[in-house]
Every structure is written in C-alpha cells, then in structure tokens.
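Please keep the sequence and the coordinates at hand while reading.

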Amino acid sequence: MDFRITAEEQNLLFLIVGHLDEGNAPTVEELTRDTGGDVTREVASLRSKGWILVRRVDDRLTVIGLSPMAVTALSNLRYGRRALPGRRRRTGAAPVAPPLVRCHGRRGGVRVASAAMTCKDSRDVSGSH
C-alpha cells in the first residue's frame, strides 16, 4: 500500500467514508456530483495505491469498501496516533472515538461495509477488487 496521497485524495477518502458509514456504496458519478469535479483520476489512483476497493455494480464503477490498511491509516488521520503500550502520551488522554465496527446491507448483490471493517464480514469485501 502506498501511503503517499494528495490532499484531494485524502478529502475524497473522507467523503467515501461518509458514504460507506451511511450504508451507501458510492459510484464515481455520485462522488463527482458531491465534489463538483471529476474524481475519476483520484478514484483510480486510490485504487492502485491500495486504499479503496472498487467493483462494477450494475455497470457503474462503485467504491464498495476500504482496504484493511486504509481503515487503520484513516483512523490514525482522524483521531491521532495512539501511544504504544508502555509509552506515555504527551497530549493527555486519547480521544474517545466512535465505534468503528458497522456492517451494512448489500447493493447490487455486493456486501457494503462501513469504513472501519474490523468485523468478520470485512473479509467478504476485502477479497473482491
């Protein structure tokens, strides 16, 4: 997985996370409409870097989930890095984050998982590129 992403790709990732957390697997067209600009290049880049899982659903390119490594990376971006066991945090207590385990229904026969796929159902999604 390539951890070097642009600011535009990072913004798109958080938009994708919002869709997935609502149980919606966004199509490239929906993401383009939401951002106001064509995101085809960013989607292709994020896919090739190993951040997102994309599949054709009803003949439309659809983001069906995030890779497990992307879930961890986005959690670190969103909530800050956690201190390793035995290390003292400089900034005080760790922020309380909402639970990151949610599995949703299906869209076009494809399981749609939330951005934080740590449940056993994440294997259903992560194996399909």
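What share of the contacts in the protein with a separation of 6 or more is accounted for by residues 24 or more positions apart? In this predicted model, such residues account for 56% of those contacts.

## Overall make-up

The protein contains five helices and four strands, and from the N terminus on these elements follow one another in the order α-α-α-β-β-α-β-β-α. Of its 129 residues, 36% count as buried, while the accessible surface of the protein comes to about 7,900 Å², with 49% of that area belonging to carbon and sulfur atoms.

## The largest nonpolar core

The largest nonpolar core has 19 residues, and those that touch the most other members are Ile-16, Val-43, Trp-51, Ile-52 and Leu-66. At least two residues of this core are supplied by each of helix 1, helix 2 (28–35), helix 3 (40–48), strand 1 (52–57), strand 2 (60–66) and helix 4 (68–79). The largest share, five residues, comes from helix 1.

## Helix 1 and its buried face

Helix 1 covers residues 7–21, and its length can be checked against a simple expectation: at 1.5 Å a residue, its 15 residues should span 21 Å, which agrees with the 21 Å between its end C-alpha atoms. The buried residues of this helix are Glu-9, Leu-12, Leu-13, Ile-16, Val-17, His-19 and Leu-20. Seen down the helix axis, these buried residues fall within an arc of 160°, so they line one face of helix 1. An α-helix has 3.6 residues a turn, so residues three or four places apart point the same way. After the helix comes Gly-23, whose phi is positive, near 85°.

## Gln-10

Leaving aside neighbours within four places in sequence, Gln-10 is in contact with Ile-5 and Leu-77. Gln-10 and Leu-77 are 67 residues apart along the chain, and their C-alpha atoms are separated by 9.6 Å.

Methods. Residues numbered from 1 in each chain as written. Predicted model: local features only at pLDDT ≥ 70, side-chain atom pairs only at ≥ 80, totals over all residues. Heavy atoms only, no water. Buried < 20%, exposed > 50% of the residue type's maximum accessible area, 1.4 Å probe, protein only. Contact = heavy atoms within 4.5 Å. Areas by Shrake-Rupley, 256 points an atom, 1.4 Å probe, with all protein chains shown as cover. Core = buried A, V, L, I, M, F, W, Y, C linked by side-chain atoms within 4.5 Å. Expected span 1.5 Å × (residues − 1). Arc of directions from axis to C-beta.
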